[in-house]
Amino acid sequence: MENLLQVRGLRKSFAIRSGIFRKTTGHVQAVDGVDLDVHPNETLGLVGESGCGKTTLAKIILALERPDSGSVVFDGTDIHSARGQALEHVRRGIQVIFQDPFGSLNPRKKVASIIAEPMIIHKVGSKAQRYDRSAELLKLVGLSTDMLGRYPHEFSGGQRQRICIARAMAVNPRLLVCDEPVSALDVSIQAQVINLLVELQAELKLSYIFISHDLSVVGYISHRIAVMYRGQIVELADAQELFDNPLHPYTRCLMDAVPEPVPGKIAAAAHVRGDEDSVLFPARGCAFGSSCPYREEPCTREKPVLAEALHGHYVACHQHIPPDEQA
Amino acid sequence: MGFWSRIFRDKLAIVGLIIVLSFFIVSILTPYIAPYDPNIIDVDNILAPPSWEHLFGTDDLGRDVFTRMLYGAGISLKVGFVAVGLAVLIGVFLGAIAGYYGGWVDIIIMRFVDIMLCFPSFFLILAVIAFMEPSIFNIMVVIGLTSWMGITRLVRAEFLTLKERDFVLAEKAMGAKSPRIIFVHILPNAMAPVLVAATLGIASAVLVESALSFLGIGVQPPTPSWGNILTQGQSVLGIAWWLSFFPGMAILVTVLGYNLLGEGIRDAIDPRLKG
């Protein structure tokens, strides 16, 4: 299958500065060698704890940040070297939904002009056409068209997120990057918004990159799931396969941490220790090494790479040697 | 509660608004309500005290002080608005660029602001005016060119926080060009403190104009201005108090009005700042 988005060897680090002279005292490796593919009409889930680099990865894919190295190719175009027409094509093709529905809409603009904004930027249609399209989009996301003349502060969180979705859909994107789109919403509203995304995907043949720290949400919407830990993809598999057969110790920790609504069942104690220093100065070995209950000698020596352990199931762990190397 | 209902509950702001509006109306209607010609000399009525015929008395050339003050009100307003308008234009533009782009652009602009703030502004204005023909136009420009720094700092600070907001990131992700993001999306969100600063700035521009005219390097006689009427009154203070009292009161009330209104707007925009 042709890839819609192809991410190769992406790295990005941020300098930590301190003191009056803002001297660089260290680096955080926010994204550390990420390879990803997104297929057409597919949802790729991206899970990981706070600060693991999910949002940085999203920003690089949106060309809001430049990577230190590596490439992001969308529909055959390298987005970080694209200029002019090619960049326009990328900007139209990839749209975004942010976590905070209160911050992602300009408080001084009416809904009509918020939704029309991407069309204005990409010079689509006349003013009247854009207005009609905005009304159409508002209906598409389940809001009534008489809301076009209102300001964002008149809406609830779920409604605002619907407006964000309508805006993102305005220029018929092919890839939607959803950065924690439901984390700020009530659980009942989360389901509505997620179902809306699922319906839109079926209708418009979209691809999503769906970022969340909530494994159950990601599991519900995604076709494939990538688990991210300290800037690396540590496991990548089909959603069902990942839930049935988590291979990476970190993925298992995440699974254990998902609360199950079973009375009497006590959640297993989380055995991931916060080890802040190693975020700043990654040790030579496995990033998860110091927290890993299955750690062995090679784990501290060598960084594991993402390899296919089972068919279509990739994991970066010394415990899982690819089948063809086992012999 | 909305902006307007908060403003209307603030009695002092209402007083300020009434003062500002009445000076506005008066200066627009001056040609129709002025009882005399401001430049007609009446040698029979030199330094006449206030009476029903001459409400604020007459000056040392027999001109009607009330009429001259009406014309002076227009000049004060004009100077205040044009000078502050210029300061807002410069301040907003530089502040927006400094705050949005950051880095070297920011450093250069903000150090330039610091340098401008090093000069005692009134003496800077005096020094500049000394080299130029004193005229209303020059005064407006010079006051404007020496009072934009505060607005630059305000706008920059607003931009620093606003540019990190998600709606700005969304604009960038959509492919909007920087000028569109700066002027269409961030700026309208940054204008509230500028409005307050501009209102307060008008008060100080009116003061500066009066002071310059008082010193004889502002509005030149025979054009009337509150400041140069005060100058006339200075030499005859012992025998004609009205020549100093009324323009002085006019300046005081105007400045007070703008300050009350400015503070009222500030409180109405952000009730948390009240205190």
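**View 1. An open sheet of four strands in chain A of this predicted model.** The strands run in the order E2-E1-E4-E5, and their pairing is antiparallel. The edge strands are E2 (23-38) and E5 (77-78) of chain A. Each edge strand pairs on one side only.

**View 2. Strands E1 and E2 of chain A, side by side.** E1(A) covers residues 5-18. E1(A) and E2(A) pair in the antiparallel sense over twelve bridges. Look for Leu10(A): its bridge partner in E2(A) is Val34(A).

**View 3. Helix H1 of chain A on the sheet.** H1(A) spans residues 54-61. It packs on the sheet and touches E1, E2 and E4 (69-74) of chain A. The direction of H1(A) makes about 70° with that of E2(A).

**View 4. Helices H3 and H5 of chain A, packed together.** H3(A) holds residues 111-121, and H5(A) holds residues 157-169. Their axes lie 7 Å apart, at an angle of about 35°. From H3(A), the contact uses Val111(A), Ile114(A), Ile115(A), Glu117(A) and Pro118(A). From H5(A) come Ile163(A), Ala166(A) and Arg167(A). By class, this contact has six nonpolar, no polar and two charged residues.

**View 5. Where chain B touches chain A.** Chain B gives 13 residues to the contact, and chain A gives 17 residues. On the side of chain B, two or more residues each come from helix H8 (166-174) and helix H9 (178-214). H8(B) gives the most, with seven residues. By class, the side of chain B has seven nonpolar, three polar and three charged residues.

Key
Residues are numbered from 1 along each chain as its sequence is written. Chains are lettered from A and ligands numbered from 1 in the order in which they are written. This is a predicted model: local features need pLDDT of at least 70, side-chain atom pairs count only at pLDDT 80 or more; totals for chains, interfaces and linings use all residues. Two residues are in contact if their C-beta atoms, placed from the backbone, lie within 7 Å. Ala, Val, Leu, Ile, Met, Phe, Trp, Tyr, Cys and Pro count as nonpolar, Asp, Glu, Lys and Arg as charged, and the others, Gly among them, as polar. Axes are lines fitted to C-alpha atoms, for helices over the stretch in contact, and angles run from 0 to 180 degrees between N-to-C directions. Two strands pair if DSSP finds at least two bridges between them.
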